[in-house]
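The sequence and structure come before the details.

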Amino acid sequence: LLRPNEVLNGSHPQKLFPFIAILFASGLDVGLIMFPLVEFPIYAAEEPYQFTNPLAFMFGTWGFIIWAMYFVTTFYFCAIEPKLKIFEIPFVKLINNVVIIGTCAFTGYLFLSYLPDYVQGISNLVKYALVATVVVAAVYSSTKLAYVKVLSVGSTWVFFALICSVWLYSGAGFGGLGNSIVLALDYFPNIHKFLAPVTDYHGFYLFWWMAWSIMIGQFVSRFVGNLKTWQLLIALLVFPSIPILIWFSVLHYFFQSGSTMSPIMNLVMVSVGILFVINSLDSLTRLYTVNLDISVERFGSLKYLIGNFLLLFGLILLYQFTPFKIEWVGLVVIGLYVITSVLIFVRRDALKK
């Protein structure tokens with residue numbers, strides 16, 4: 001199925017940088033900004049993580065294996081799905097879109113959950129109002145593909161600026177940053193250990209990325225522009241991993257040195273986190289509304305905005321106030337992978353045409 005020199009194009013092909021920006025902004029969420037400083041102490045203290053250092057483990061939960069999953073699904077939706085049309089089968093289409101909507105809402109729930117760690121003293125009223133505002137902004141952005149592209153490219157540049165700002169603020173210099181990067185690279189000798197759950201929390205990460213994988217492949221495959229299979233592999237594995245590696249390394253310097261973020265830097269990080277939440281939500285909202293033909297043209301702007309807001313915000317509250325978990329969505333995706341694999345085998349003759 002994998003032909004290294006096959007040229008791939010999506011329905012809305014983009015040049016390389018806009019494609020990488022859409023991939024990066026859509027494939028990541030607020031956790032990239034807000035998780036590391038909370039999780040470094042956990043990875044440093046608890047025994048199951050001691051086979052490597054906290055930075056390498058953190059990078060492992062967001063690194064190459066995850067982007068390899070994204071490559072598989074992006075390649076599938078570029079090269080195989082147009083021939084087999086498995087995701088147009090009604091029951092597959094229904095399961096797929098339930099997964100997209102559930103995972104989309106989980107992104108908002110994570111933002112809701114981690115806000116108190118970065119905005120000390122935030123009230124419940126302000127917290128829920130901020131999340132509601134983010135959902136409204138994301139749903140509005142999803143109304144036009146041009147908004148999604150502009151927001152993705154802009155957010156990528158903002159994230160690069162955040163990396164530089166926090167690095168300069170840290171006083172790490174090139175030496176401190178380099179030492180942190182060396183620690184992060186210990187991920188690669190231990191990469192095989194990330195394939196199975198190390199702890200329940202690591203298992204949560206694996207199910208979370210499993211839930212994301214099919215959706216991200218569907219969305220970003222539309223923007224692949226004249227890339228060979230091997231070029232797509234490099235684009236997905238290498239380009240997103242470099243800024244993630246540098247960002248985590250900068251934050252690890254804070255953790256290792258015992259430094260703390262100033263209120264202003266915390267506010268900057270939360271602001272960039274909000275951009276990433278909007279990016280993730282608008283991409284996934286765009287995906288499921290196109291799949292289900294829930295368009296502005298069909299329903300009008302007001303009904304589109306109100307309907308999608310109520311759906312997503314309601315599911316965010318479902319995550320908050322019920323035992324509903326992203327792991328359940330991940331299990332459904334595993335089932336979807338099994339169904340797809342079987343149907344690829346059954347319809348394999350169509351791939352020869």
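## Second largest pocket

Helix α5 gives the most to the lining of the second largest pocket, with seven residues. α5 and α16 (326-346) are the elements that give two or more residues to this lining; helices (H or I, at least four residues) and strands (E, at least two) are DSSP runs, numbered from the N terminus. The lining has 15 residues, and Val 72, Thr 73, Tyr 76, Ile 80 and Ile 344 lie nearest the centre of the pocket. On a 1 Å grid over the protein atoms alone, a pocket is an open set of points where a 1.4 Å probe fits, with protein on both sides within 12 Å along at least five of seven lines, and lining residues have an atom within 4 Å of a point.

The space in the second largest pocket is about 260 Å³, a volume being the space filled by probe spheres set on the points, which are joined across faces, edges and corners. By class, its lining has 12 nonpolar, three polar and no charged residues. Ala, Val, Leu, Ile, Met, Phe, Trp, Tyr, Cys and Pro count as nonpolar, Asp, Glu, Lys and Arg as charged, and the others, Gly among them, as polar.

## Model and numbering

The model is predicted, with local features needing pLDDT of at least 70 and side-chain atom pairs pLDDT 80 or more, while totals for chains, interfaces and linings use all residues. Residues are numbered from 1 along each chain as its sequence is written, and side-chain values use heavy atoms, leaving out hydrogens and water.

## Largest pocket

About 400 Å³ of space lies in the largest pocket. Of its 17 lining residues, Phe 77, Glu 81, Glu 88, Arg 222 and Asn 291 lie nearest the centre. At least two lining residues come from each of α5 (64-84), α6 (90-118), α10 (200-221) and α13 (263-291). The most come from α5, with four residues. The lining divides into five nonpolar, seven polar and five charged residues.

## Aromatic contacts

There are 47 aromatic pairs in the structure. Rings of Phe, Tyr and Trp (its six-membered ring) pair if their centres lie within 6.5 Å; planes under 30 degrees apart count as stacked, over 60 as edge-to-face and the rest as tilted. Phe 17 and Trp 157 form a tilted pair, 5.3 Å centre to centre with 40° between the planes. This pair links distant parts of the chain, with Phe 17 in α1 (residues 16-27) and Trp 157 in α8 (residues 145-170), 140 residues apart.
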